[in-house]
Amino acid sequence: VLMNSTGELHQGQNDFVLQFRDQQGQPLDVGTVQLGSSMAMPGMPPMSGNSMPEPTGQIGTYRVQSTFGMSGAWHFTISWNGAQGQDSTAFNVNVR
């Protein structure tokens with residue numbers, strides 16, 4: 001789950017929360033988390049966003065500061081590795 005105070009990500013600096021939950025909706029400790037973001041640019045290399053998830057001290061909850069250079073469709077890849085195992089997921093987010 002991605003959450004922030006506005007419900008949207010915007011061009012420029014963003015602060016948001018990344019939270020992992022189990023099938024019952026309970027917080028889930030997934031260990032070390034990495035987040036990558038990129039935006040496809042026709043005829044150019046993809047633009048990358050800088051993101052570094054930091055644990056908040058609450059199980060499965062990470063604070064993320066990220067900068068997006070342009071508005072548009074960004075592709076997110078999140079990977080994790082911990083006691084629950086190693087896995088990843090990917091999805092698109094529209095940055096306004």
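This is a predicted model: local features need pLDDT of at least 70, side-chain atom pairs count only at pLDDT 80 or more; totals for chains, interfaces and linings use all residues.

I began with the largest nonpolar core, which has 18 residues; a core here is a set of buried Ala, Val, Leu, Ile, Met, Phe, Trp, Tyr and Cys residues joined through side-chain atoms within 4.5 Å. Buried means under 20% relative accessible area, exposed over 50% and partly exposed in between, with a 1.4 Å probe and protein chains only. L9, L18, F20, V33, F76 and I78 touch the most other members. I found that β2, β3 (32-41), β5, β6 (72-82) and β7 each give this core at least two residues; strands are DSSP E runs of at least two residues, numbered from the N terminus.

Numbering runs from 1 along each chain as its sequence is written, and side-chain values use heavy atoms, leaving out hydrogens and water.

Next I looked up L9. Leaving aside residues up to four places away in sequence, its contacts (heavy atoms within 4.5 Å) include F16, F68, F76, V93 and R96.

Then I turned to salt bridges, meaning a Lys or Arg side-chain nitrogen within 4 Å of an Asp or Glu carboxyl oxygen. I got 2. E8 pairs with R96 at 2.7 Å, N to O. E8 sits in the loop between β1 (2-3) and β2 (12-19), and R96 in the segment after β7 (85-95), 88 residues apart. E8 is partly exposed at 31%.

D15 bridges to R63, with closest N and O atoms 3.6 Å apart. D15 is in β2 and R63 in β5 (61-68), so this pair ties together parts 48 residues apart in sequence. Both are partly exposed, D15 at 41% and R63 at 42%.

Conventions. Helices (H or I, at least four residues) and strands (E, at least two) are DSSP runs, numbered from the N terminus.
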